[in-house]
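Hello,

Please find the structure below, handed over for your use. My notes on it come after.

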Amino acid sequence: MYPTEADLIENWRQILSKINNGIDCLNGCPLTDGEMQQVLQQVRDLRTPLRLNSEFINGKSVSIIRDNPNDTLHNGKTVSLIVYDKQKIGSNDTVYQIARQPKFTTNSQILGERRGDFTLLINGMPLIHVELKRSGVPVRNACNQIERYMGSGVFDGIFSLVQIFVAMNPEETLYFANPGPDGKFNSDFFFHWADFNNELINEWPDIAETLLSIPMAHQLIGYYTVPDKGDGILKVMRSYQYYAAKSIYQKVQQHNWKVSDQLGGHIWHTTGSGKTLTSFKSAQLIAQSNDDADKVVFLVDRIELGDQSYKEYSGFAEEDTVQDTSNTNKLISKLKSTDSNDKLIVTSIQKISRINEETMQQRKNELEQIRAKKIVFIVDEAHRSVFGEMYPTIRETFPMALFFGFTGTPIMPEYEKNMNTTVSLFGDELHRYVMPDGIRDGNVLGFNPVMCPTYDDIDLRQAVALEKAKTHTEEEALANDAKKSMYLKYMDDVPMAGEMQANGEFSKGIEDYLPPTQYDRPEHRERIVDNIIKRFTLLSRNRKYHAILATSSIAEAVEYYKLLREKAPHLNVTSLFDPNIDESGSGFDKEAALELIIGEYNTLYNKNYDVATFAAMKKDMSNRLAHKDAYKHLEPGKQIDILIVVNQMLTGFDSKWVNTLYLDKYYKPDQAHDLIQAISRTNRPQEKREKPFGTIRYYRKVHSMKRNIDDAIRMYSGGRPFGVFVDRLPHNLHRINDIFIEIKELFEAAEIENFSKLPELDAERGRFAKLFKALSDHISAARLQGFSWDKTEYVTENGEVLTLMITQEDFQTLQARYRELYEDSTGGTSSGNLPYEIDTHLTEIETGAIDYDYMNSRFDKYLKELRKDVLDEDRLQKLLDEVHKSYAFLSQEEQRYANQFLHDVQTGNLKYNICKSFHDYIIDYMNKAQEGKILTLAQNFGLDADLLKEMADARLSEHNIDEFGRYTRLKASVSPVLAKAYFQQREGIVLTPPKIRMKLDALLRNFILHGEIE
């Protein structure tokens, strides 16, 4: 129990001495103190979890120079120590231990030592650290405690070896990679563990048997962590990524290479779930095995994606173990190579397809050399990569190769392509992780599809009904019995969208009779552009996020481009389409359009592209939309607000900054996979309160599109589309009212009026924290759906009138209470066991919108009544109550001084200056009180009063209190004689200098951080 760092180092030394005891290493002579210091120095030098993972723990061996004179064979020579072997799971050479409540040394003399809960050691190294909370305390509190430990320098020295953190209470578990001393904890990467079927595993006995078991814990460190040099952080795989990679690896291990069976299987993981990392780890596991395969080739379906994948793979991998193929000759060379560093190759389907019987006529021996190898192909975006001419060519060229596919939208039997499905081309499904799983885990967002018709249903019905009745007017149709019957059938009976009947036949709807030209009209495009402009500021969050407008043809894309440039010159609009597609038959001048779009793009962004460098311009657009590379910190005004496309960017492109897709194109039922790919451009998470979902607004054949969207979501949700579509505005408004009533009842039960302060009990505060977070989430979603604080009544589709019960003032007041909840939980007095969970994003919401003018006006009204010769006590009390309610949004400290000011006004102790507002007086009272406290401290301790005021005004935290050495200088300015006199008089006993310094530090911190002297 309670092992210190010194205890753990000694334990590690003994284990290293034991497992490296052989004659070729330590030769039976244990490690000396000096040799152990060499090992520890390497840990200190590497410092970060990323480098320690790749260069120390999984770096195969660690070199030291022997200084043990008893080892006459190696003394003064370099030997290599095995510290960890990922393949030796549960062997005699691997030692597993648990360190219970290890003692941590902090970087603060005041904080002193801390004790963790327990740490899992492998070969003496603390690799997985676990923090526990009791039942009823949110598991996020354990995460917060780990973050506080990191801030206080706990995970240093031997504890810098920790790779994985686990936060647990009896009902829930989260695990995440160590971000390191310079990293940032990001709750988006706090994961729940799940079983093969993606059912969450939370309770601690199940976690102990799975995630923290041997061999899983050992494998997690050795195989399923990824030191990502590109992002500069250590990553750990999610459970579904682990199951997918393991399934592929096991399939390769079991494969009979003497039999021509190319179907390895496919992985169905929803778009946005991290398929690149999963495919890399699958490829790496195969490549690092000795004999399972000679080559692993990762295939992408576009050359530019090959460059991107190579960059990502190289960031994940050990140096020089991922090979790029800039041309076909280089690809042939890498495929022939026997160098172990050439096992993992990234290339495009275009390049690999150039290696075939015809092109290799003069190089048949080389082709046979390649064919003789055990080659595994991992195909990215398998739903679109393999249905052209190139994939069959690749399979014919490599008849003994084994193929695996990754896709978020597999081709289903209902809508096969070229008489093939994903199963027929790759084999059975090896693992599935579909959209509802991703939404539940926060890896992707749900969708808010909005039907935006540009024609009234009744007008479309009548146009079709008149055509079918072969008449020109309604009067003419109703005057003839035969025509009347036909006319009324289409006016009353035929649905807007067609339906599949029980017998398998399709029954047409009104929209199926519309001619293609119905939507290729200027008035249709005008209405869409007006609709886009009207709501763009709100949907884009004032141009923070970007949108894609998808059209049916290049000609239409160009028309939209011109229209938006004309009607919305303040927006940055551009267009992207395939310059090789020929639409000249329609009289459309594509070259002139390209010249216009490229020229305006160059002017807008100060570039110099032309038709010959169109591919480079496309890459620039992609990076701009994704905020990548040079646009990572995009300057205001340099973004793309709306990108107009036909098919480009609707598959394979990821950007968390795209939140809206405008669709003026119709996806047929058999294009479900294309539809899902398109709408999934919007569902990458960013800030939840700003981007709670992806917005899809569709304008063409809207009823049929609604049916097709519903069917596609059902299909690609594995038949369980729960939670994929977000709640509509009426539902959100109902929930806002319901939650507000619960919050109001909570405060009333605590006898608190106007939400003026927090409840006292932890249970009540915990309930408020949970309710307010839910309230804020529903308000954020509702705002994107049309909710505004200026409007209190809303009419639903069925005619119900919904009245909003909460005001903006109420919400701002509750926001202030929530912020105080966060400040209380981080103020240094919390034990970390408070039973409520705080979302720090909510505490950072701008409060500049708070209406101080309203508060001042309530006071002015009260003061005017107070100065009357004849007082109406009831009216005066009513006005005073309004004043109290108006400043309930202020902090507790501000409210205290507001009450003092009001008391002075009521008793006549203050001569009121009409040039100053109520809020001005509150600030004055606060400043005077603080100045008085600073003067008292300066007199009692002789310290630097100006420096103390500067620090008190800076709103510092425990983390930055000594920024620029200010706090150190402040303590140095204190008179030791005055400090001794002050504390000994206060305590009534003689105190030692260390005790005096401790009490002084506590007093100064309390004043600087909380404004209180005692």
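This is a predicted model: local features need pLDDT of at least 70, side-chain atom pairs count only at pLDDT 80 or more; totals for chains, interfaces and linings use all residues.

Residues are numbered from 1 along each chain as its sequence is written, and side-chain values use heavy atoms, with hydrogens and water left out.

A patch takes residues with over 30% relative accessible area and no salt bridge, and joins like charges within 9 Å; a salt bridge is a side-chain nitrogen of Lys or Arg within 4 Å of a carboxyl oxygen of Asp or Glu. Lys-489 is part of helix α19, residues 481-493 (a helix is a DSSP run of H or I with at least four residues). Lys-489 counts as partly exposed because its relative accessibility is 39% (buried is under 20%, exposed over 50%, partly exposed in between, with a 1.4 Å probe and protein chains only).

Negative patch. Glu-171, Glu-203, Asp-206 and Glu-209 make up a surface patch of negative charge. Asp-206 sits in helix α5, residues 204-209, and is partly exposed at 37% relative accessibility.

Asp-1001. This residue lies in helix α37, residues 993-1010. With a relative accessible area of 1%, Asp-1001 is buried. Its side chain makes polar contacts with the side chains of Tyr-967, at 2.8 Å, and Lys-971, at 3.4 Å (a polar contact is a pair of N or O atoms within 3.5 Å, one able to donate a hydrogen and the other to accept it).

Regards

Technical notes. Helices (H or I, at least four residues) and strands (E, at least two) are DSSP runs, numbered from the N terminus. Patches are made of residues with over 30% relative accessible area and no salt bridge: like charges are joined within 9 Å, nonpolar side chains (Val, Leu, Ile, Met, Phe, Trp, Tyr) within 5 Å. Accessible areas come from the Shrake-Rupley method with a 1.4 Å probe; for residues, only the protein chains shown count as cover. Lys and Arg count as positive and Asp and Glu as negative; His and the chain ends are not counted. The place of a charge is taken as NZ of Lys, CZ of Arg, CG of Asp or CD of Glu.
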